[in-house]
Amino acid sequence: MARIGVYPGSFNPPTRAHLEIALAAVSQHSLKRLDFALSLSPLGKATVEVPSFAHRLEVVEQSLWDHESLSVVVTEEQLISDIADGYDLVVMGADKWHQVNDPSWYNDDAQARDRAVNRLPTVALAPRPPHVIPPELQLSVPDDLLEVSSTAARAGHTDQMTLAAAQFDSETGAWTNPAKYQLWHYSEESSDDHDSGCDRRI
């Protein structure tokens, strides 16, 4: 039976590390497919208004176009154990693994935490210093990816973004220039409204 994995995250923006981690999981765990799972309301994350969810989803899709084994799904679930339900493998970073094991995310109920962790399929972890992870769960990835992060990308290190994300940011300012993005987004919406109005008059 083909093995299918899931990689939950906000991917805001998707980075070179996200892509390489996903490909490492596919290769090292013999997956037929790995789904990037974008949550509509990620647990422990502030609501993202810029860029819009639709634009983030589109950029992630474009970032994966060259890789047949990678795809994108949207989920309303928040807990990793719920997102991973039905999959053979779940990929996450070391920081997320520590969150998954923290009872505070389960109303300080250690038993609820244990039930959620026990529901997880096979786990594949991307290293992220200084977090310590079980070595048997660690993916083998190049050391130079350990410092790549969405936070750094948003701070201006656009070379850490995927090519699709960097191109979209250059055009719109989606992550590095929110004011530019807001103007671009407004002009796009205005153009769409104008086109819709024209359609209605035909």
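Q: Setting aside residues up to four places away in sequence, what does valine 91 touch?
A: Valine 91 touches Val6, Tyr7, Pro8, Ile21, Ala25, Leu34, Ala124 and Leu139. Contact here means heavy atoms within 4.5 Å.

Q: Before we go on, what sort of model is this?
A: This is a predicted model, where local features need pLDDT of at least 70, side-chain atom pairs count only at pLDDT 80 or more, and totals for chains, interfaces and linings use all residues. Residues are numbered from 1 along each chain as its sequence is written, and side-chain values use heavy atoms, with hydrogens and water left out.

Q: OK, back to valine 91. What's its bridge partner in β5?
A: Alanine 124 is the bridge partner of valine 91 in β5. For glycine 93, the partner in β5 is alanine 126. Strands (E, at least two residues) and helices (H or I, at least four) are DSSP runs, numbered from the N terminus.

Q: How many bridges join β4 to β5?
A: There are 5 bridges between β4 (residues 89-93) and β5, and the two strands run parallel.

Q: And what's the strand order in the sheet?
A: The order is β3-β2-β1-β4-β5, an open sheet of 5 strands with parallel pairing. Two strands pair if DSSP finds at least two bridges between them. At the edges sit β3 (70-75) and β5 (122-126), each pairing on one side only. From one strand to the next, the twist averages 30 degrees.

Q: Is β5 largely enclosed or open?
A: β5 is largely enclosed by the rest of the structure, because 4 of its 5 residues are buried. Buried means under 20% relative accessible area, exposed means over 50%, and partly exposed is in between (1.4 Å probe, protein chains only).

Q: Which strands does α1 lie across?
A: α1 lies across β1 (4-9), β2 (33-39), β3, β4 and β5, and runs at about 140 degrees to β2. For such angles, axes are lines fitted to C-alpha atoms, for helices over the stretch in contact, and the range is 0 to 180 degrees between N-to-C directions. Helix α2 (residues 53-64) also packs on the sheet, where it touches β2 and β3 and makes about 160 degrees with the direction of β3.

Q: How far does α1 reach from its first C-alpha to its last?
A: Helix α1 (residues 16-28) reaches 18 Å with 13 residues, close to the 18 Å expected at 1.5 Å a residue. That expected span is 1.5 Å times one less than the number of residues.

Q: Which residues of α1 are buried?
A: Ala17, His18, Leu19, Ile21, Ala22, Ala24, Ala25 and Val26 are buried in α1.

Q: So what's in the largest nonpolar core?
A: It has 27 residues, and Tyr7, Ile21, Leu34, Phe36, Leu70 and Val91 have the most contacts inside it. Two or more residues each come from α1, β2, α2, β4 and β5, with the largest share, 7 residues, from α1. A nonpolar core is a set of buried Ala, Val, Leu, Ile, Met, Phe, Trp, Tyr and Cys residues joined through side-chain atoms within 4.5 Å. Apart from this core lies another, of 18 residues, including Ala84, Val90, Trp97 and Val123.

Q: Switching to α7. Which of its residues are buried?
A: In helix α7 (residues 163-172), the buried ones are Ala164, Ala165, Phe168, Asp169 and Thr172. They are on the same side of α7, because they cover an arc of only 130 degrees around the axis. The arc is that of the directions from the helix axis to the C-beta atoms. Leu163, Ser170 and Glu171 are exposed on the face turned away from the buried side.

Q: New topic: serine 10. Buried or exposed?
A: Serine 10 is buried, at a relative accessible area of 17%. This serine lies in the loop between β1 and α1. Leaving aside neighbours within four places in sequence, serine 10 is in contact with Pro42, Lys45 and Arg56.

Q: Where are the cis peptide bonds you'd point me to?
A: One joins asparagine 12 and proline 13, with omega about 0 degrees. Another joins valine 50 and proline 51, at about -5 degrees. Proline 13 is in the loop between β1 and α1, while proline 51 is in the loop between β2 and α2.

Q: What's phi at asparagine 107?
A: Near 60 degrees, a positive value in a residue other than glycine. Aspartate 108 also has a positive phi, of about 60 degrees. As background, most residues other than glycine have a negative phi, and most peptide bonds are trans. Asparagine 107 is exposed, with a relative accessible area of 74%, and aspartate 108 counts as exposed at 62%.
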